[in-house]
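Hi,

Here is the structure I said I would pass on. Have a look at it first, and then read on for what turned up.

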Amino acid sequence: MSRLRLILGDQLNINHSWLREPERSASRDVIYVLMEVRTETDYVVHHAQKVLGIFAAMRGFSSALQAAGLKVHYIRLSDADNKQDFIANLRQLIDIYGVTKIERQQADEYRLESLLLKAPDILGVPVKVFDSEHFLTNRASISRQFAIEVPRMEFFYRELRKQYNVLLDEKHNPIGGRWNYDQENRKRWKGEPALPEQYKLSANLAELWNEIQTCNVKTMGQAHAKEFPWPITRSQAKAWLAHFMVTAFPHFGEFQDAMSTASPKLFHAGISFSLNIKLLHPLEVIRAALDEFNAGRVGVATVEGFVRQILGWREFVRGIYWARMPDYAHLNVLQHERPLPRWYWNGETNMNCLHHAIQQSLDNAYAHHIQRLMITGNFALLAGCAPDEVDAWYLGIYIDAFEWVEMPNVRGMSQYADGGIMGSKPYAGSASYINKMSDYCKNCHYDHKLRHGEKSCPFNSLFWHFHARHAKLLSTNPRISMTYLLWQKMSESERRQTLAQAELYLNNVDNL
Ligand SMILES: Cc1cc2nc3c(=O)[nH]c(=O)nc-3n(C[C@H](O)[C@H](O)[C@H](O)COP(=O)(O)OP(=O)(O)OC[C@H]3O[C@@H](n4cnc5c(N)ncnc54)[C@H](O)[C@@H]3O)c2cc1C
Ligand code: SF4
């Protein structure tokens, strides 16, 4: 009799109770299994760094388990007997090891969870499911709650602050007197303070990259295999986090929404990959941030802004995903059908903001939140691109993209395809927002001040086109009533020229 424990590529949590003593010593008959399979490399075109990073981290994790004396069966992508599919590989392993019971952790993605739920019937072996012990909310109860009514993120987040006793005074009121310091976290970065020094990592993954290419896995973007820039082990992830806390965190809050051609990351943490593959636990990240605040090295607006992302948004999007899947993946309330412009795949556009945001994403597999929301997402929304295509692009290009977190952010927050489940209004912005928060417009082919005419910024006319064509659905939304008031105040001729300009751009969208 033998027990098989399946560990997925985003379940590299060395502190899971499976791997803790005395559970470990009591489980001598257990074989731990990790596998690299084509069904995972091919369900979307991934960024080269995403495939490399996940496989390298899995291989490192497997070595750590073996070094701790555990029995591990690791299936590499290029192994001759790799069936390239979870179920087929499990069937083979059942025969090899005489497996009588499978254990696994809850998969975070609906696609995988649905597949693995079928495993007992297909394989004829019982499968016990364990919590991944990673998140701060319980999946079953949050799914039940969110299926009835999705609360506003702000209230959900306050409840979690109370539950985890985060940033509260002795009377359980928010420290500093306010729950939310968002208003203070909206500064443009003008070159001061100096940019934080980047944490340098340089694992040589050339051999693994060669193997991935020999297997003909289709990827996008730069691999940077010889000097891989992301953490792939827990110790690297911890060192990266510690470095962020000292160098960038003090200014995270102020410049959270800023964008600059001088730096892709500015003062952001770059920890989403480590969190999502579970090299880091969200609570340890929050505690590290609270330590900085308690030591007086960061202010309340910064620490609150940071905690809100992890304790609030990250758990919130997961709740929406699990409550609303599988229907959520098909929502398209605005009935957007346009293909994504071809320059999303190479960054070759005259729009400087999009050129920068896409080029840096292809180079680094990373863009920060406001670049994803107000540049690439904003344009796709205004141009009316099909949410399926937008989803696939985001799911592929970012190293941290796993569907449970990608989809609510993209289909919900950014594309408003869910009609307001994620957010109470569409995140649509014109050039005036982009110019306010970045230096992109300075050197752009287009003029951010113009609404129509040859050099007019496409964001301007498309912004009004978007609101005009969705007036029936959106004009009654009190959060954007001011936008419709401004539209009505424009002269008839101004409105006509603006819409005509937008049509011109939409008809030529691949060449902007
Ligand atoms: C259109 C769009 C697509 C996105 N796709 C993804 C994705 O595929 N994977 C992903 O992890 N995040 C995604 N996000 C959320 C957010 O942009 C990234 O988590 C963040 O940019 C990662 O960089 P960072 O670690 O430097 O984040 P920081 O800005 O330093 O924030 C710290 C952490 O907070 C968490 N966080 C912040 N905002 C969110 C959010 N809206 N939802 C969930 N967690 C959040 C992340 O874990 C992040 O690492 C998306 C946002 C948008 C608008
Ligand atoms: S002018 Fe328009 S297209 Fe150019 S950078 Fe500014 S917002 Fe982007």
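The largest nonpolar core has 152 residues, and the members that touch the most others in it are Ile-271, Phe-306, Leu-354 and Phe-379. Helix α13 is the top contributor to this core, giving eleven residues. Do keep in mind that this is a predicted model.

Leaving out residues up to four places away in sequence, Phe-379 touches Pro-341, Trp-343, Tyr-344, Met-351, Leu-354, Pro-458, Phe-459, Leu-462, Val-509 and Leu-512. As a rule, nonpolar side chains in soluble globular proteins tend to be buried together.

Now for the ligands. Around ligand 1 there are 27 residues, and those that come nearest are His-268, Ala-269, Gly-270, Asn-276 and Tyr-366. By class, that shell splits into 14 nonpolar, nine polar and four charged residues.

- a polar backbone atom of Gly-270, at 2.6 Å from an oxygen atom of ligand 1
- a polar backbone atom of Ile-271, at 2.9 Å from an oxygen atom of ligand 1
- a polar backbone atom of Ser-272, at 3.2 Å from an oxygen atom of ligand 1

On its own, ligand 1 has 810 Å² of accessible area, and the protein covers 99% of that. Two or more shell residues come from each of α11 (272–276), α13 (300–324), α15 (369–383) and α17 (403–414).

Ligand 2 sits among Met-351, Asn-352, Cys-353, Ala-431, Ile-434, Tyr-440, Cys-441, Cys-444, Tyr-446, His-448, Cys-457 and Phe-459. Helices α14 (352–364) and α18 (431–437) each give two or more residues to that shell. What classes make up the shell around ligand 2? Ten of the residues are nonpolar, two are polar and none is charged.

Last one: Asn-460, in helix α19 (residues 458–469). Is Asn-460 buried or exposed? Asn-460 counts as buried because its relative accessible area is 8%, below the 20% cut-off. The Asn-460 side chain reaches the backbone nitrogen of Ala-431 at 3.0 Å, and Ala-431 is itself part of the surroundings of ligand 2. Beyond four places in sequence, Asn-460 touches Ser-430, Ala-431, Ser-432, Asp-447, His-448, Lys-449, Leu-450 and Arg-451.

Cheers

Methods
Residues are numbered from 1 along each chain as its sequence is written. Chains are lettered from A and ligands numbered from 1 in the order in which they are written. This is a predicted model: local features need pLDDT of at least 70, side-chain atom pairs count only at pLDDT 80 or more; totals for chains, interfaces and linings use all residues. Side-chain values use heavy atoms; hydrogens and water are left out. A residue is near a molecule or strand if one of its heavy atoms lies within 4 Å of it. A polar contact is a pair of N or O atoms within 3.5 Å; within protein, one must be able to donate a hydrogen and the other to accept it, and residues adjacent in sequence count only if both atoms are side-chain atoms. Accessible areas come from the Shrake-Rupley method with a 1.4 Å probe; for residues, only the protein chains shown count as cover. Helices (H or I, at least four residues) and strands (E, at least two) are DSSP runs, numbered from the N terminus. Ala, Val, Leu, Ile, Met, Phe, Trp, Tyr, Cys and Pro count as nonpolar, Asp, Glu, Lys and Arg as charged, and the others, Gly among them, as polar. A nonpolar core is a set of buried Ala, Val, Leu, Ile, Met, Phe, Trp, Tyr and Cys residues joined through side-chain atoms within 4.5 Å. Buried means under 20% relative accessible area, exposed over 50%, partly exposed in between (1.4 Å probe, protein chains only). Contact means heavy atoms within 4.5 Å.
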